[in-house]
Amino acid sequence: MQYISTRGQTAPMGFSDAVLTGLAPDGGLLIPESIPDVSGRLRRWQRLDYPALACEIISLYSDIPSDVLTSTVREAYQTFDTPQVAPVVAAGPVHILELFHGPTLAFKDIALQWLGRLFEYILQQRHARLNILAATSGDTGSAAIYGVRGRRNINIFVMHPHRRISPIQEKQMTSVLEPNVFNLAIQGTFDDCQSIMKSIFRDLEFKQRYCLGAVNSVNWARVLAQMVYYFYAAFRVMEATRAARVSFAVPTGNFGDILAGYYAVRMGLPVRRLVLATNENDILARFFNTGEYRRGRVVSTLSPAMDIQVASNFERYLYYRLGENTEQVRSLMDQFARTGALRVPLRSGRVDPLIVSRAADRAATLSTIQRYYENCGYLLDPHTAVGVFVAEQFLDPDSPMICLATAHPAKFPEAIFEAVGLDIARHPVIESLKGKPTRCEVLAADERAVRDYIVHHAG
Ligand SMILES: *Cc1c(COP(=O)(O)O)cnc(C)c1O
């Protein structure tokens, strides 16, 4: 499979190059040149366990030798605390797809545990090194660190805003002591971290000299690994309910998770609806209801991993929505960069017959957590609660609703306490962080300081 850019001005490249490249040189995002139709294989795939299914799906999009694929996938998912990897449980009117059984208790482990191993293989083949630079406001940083800790030929530098992330998230990152992991606490905001990162990446000479790479959600391998659980969960729920198709509700920030579901549908998975749920940062909900994508101001919420206004994976969706017309993508994205807004024409009053969307505010999030705890004895994390709240508005007896649970509630004990009035959000992984030694460098919010640090530690 070759990969092309959504903006059409980058020469096609193979899978490994696409994984190492991140953003395409023309500013677009890399996408597969075609999407395989797998509808004839669904019956056979239904019998596979999670790692075997992952290998089938990934092999359609990559040229990684099958023994390497099998071993990297099996190893990645052995770090999960259940052999099912992504179990589905019923709760009230919905099915919960638990994506938090990996080492950092958030769905990003599903892609990043595999991506760390994939990077190691590709770098070994090429006798190359990689220095990953990332900025995080929480979940991505810890999942990326856990994905590459101790791996050969890779260092990771993760910036987080000093004392501005939750104590649990900080401890998860800084208690990783492997010598290839560098935590940088930046004396500024998350935006400062991100602008330092972008500015360093713009210096192409520095980027090349120090082999800098990114692990953010524009990386194609992340989207690819996430497709697997849509198939896996649909199979489990179709078996259990005898339904011929299902719907999914996805708590959304950067559009990476739901994009994987969109690919699964285009590959032939029988899905009635994708329900896109946002918190108060509702740029995507507004878009899917009006056709206008307009940047707003970011507000902090109980679901911080979704506190995003500009969704980095949105351009991939836009490419398909515009009929794969790269010229139109380029012109709309240019317009968005200039004016902070773009618009697509509606069809029968809708942006997309598949995707419906609403936002959930703070009160809705808290009351949903409380209700599911009281009525079903199931504790939702605040991100998942946003998805469940919106999902309930689109229930339909013919297509069971699968709600993606993107984090374990123990990562967000304050929100859980506020919702149910009890200190019950616990997990042994979080308990075990207490008393662990930590390592972290505090740096000024200054690009120079971060560059110097990389120069001295990149190896
Ligand atoms: C990253 C994240 C999300 C949002 O996923 P996107 O791919 O950015 O849409 C939702 N919930 C949790 C817990 C996350 O960590």
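In this predicted model, a polar side-chain atom of Thr406 lies 2.8 Å from a nitrogen atom of the ligand. The backbone takes part as well: a backbone N or O atom of Asn254 is 2.7 Å from an oxygen atom of the ligand, and a polar backbone atom of Gly256 is 3.1 Å from a ligand oxygen atom. On its own, the ligand has 380 Å² of accessible area, and the protein covers 97% of that.

Now look at the surroundings of the ligand. The shell consists of 15 residues, and the closest are Lys108, Asp139, Gly253, Asn254 and Thr406.

Next, let's turn to the aromatic rings. The structure contains 29 aromatic pairs. One of them joins Trp220 and Tyr263, with 5.1 Å from centre to centre and 80° between the planes, an edge-to-face arrangement. Trp220 belongs to helix α10 and Tyr263 to helix α11, so this pair links distant parts of the chain, 43 residues apart. Both of these residues are buried.

Why is the pair of Phe255 and Phe314 edge-to-face? The ring centres are 6.3 Å apart and the planes meet at 85°, and planes over 60 degrees apart count as edge-to-face. Phe255 and Phe314 are both buried.

The charged end of Arg149 sits over the ring of Tyr146, 4.9 Å from the ring centre. Likewise, Arg236 has its charged end over the ring of Tyr232, 4.7 Å from the centre.

Key:
Residues numbered from 1 in each chain as written. Predicted model: local features only at pLDDT ≥ 70, side-chain atom pairs only at ≥ 80, totals over all residues. Heavy atoms only, no water. Phe/Tyr/Trp six-rings, centres within 6.5 Å; stacked < 30°, edge-to-face > 60°. Helix = DSSP H or I, 4+ residues; strand = E, 2+ residues; numbered from the N terminus. Buried < 20%, exposed > 50% of the residue type's maximum accessible area, 1.4 Å probe, protein only. Lys NZ or Arg CZ within 6 Å of the ring centre and 35° of its normal. Near = heavy atom within 4 Å. Polar contact = N/O pair within 3.5 Å; in protein donor to acceptor, adjacent residues only side chain to side chain. Areas by Shrake-Rupley, 256 points an atom, 1.4 Å probe, with all protein chains shown as cover.
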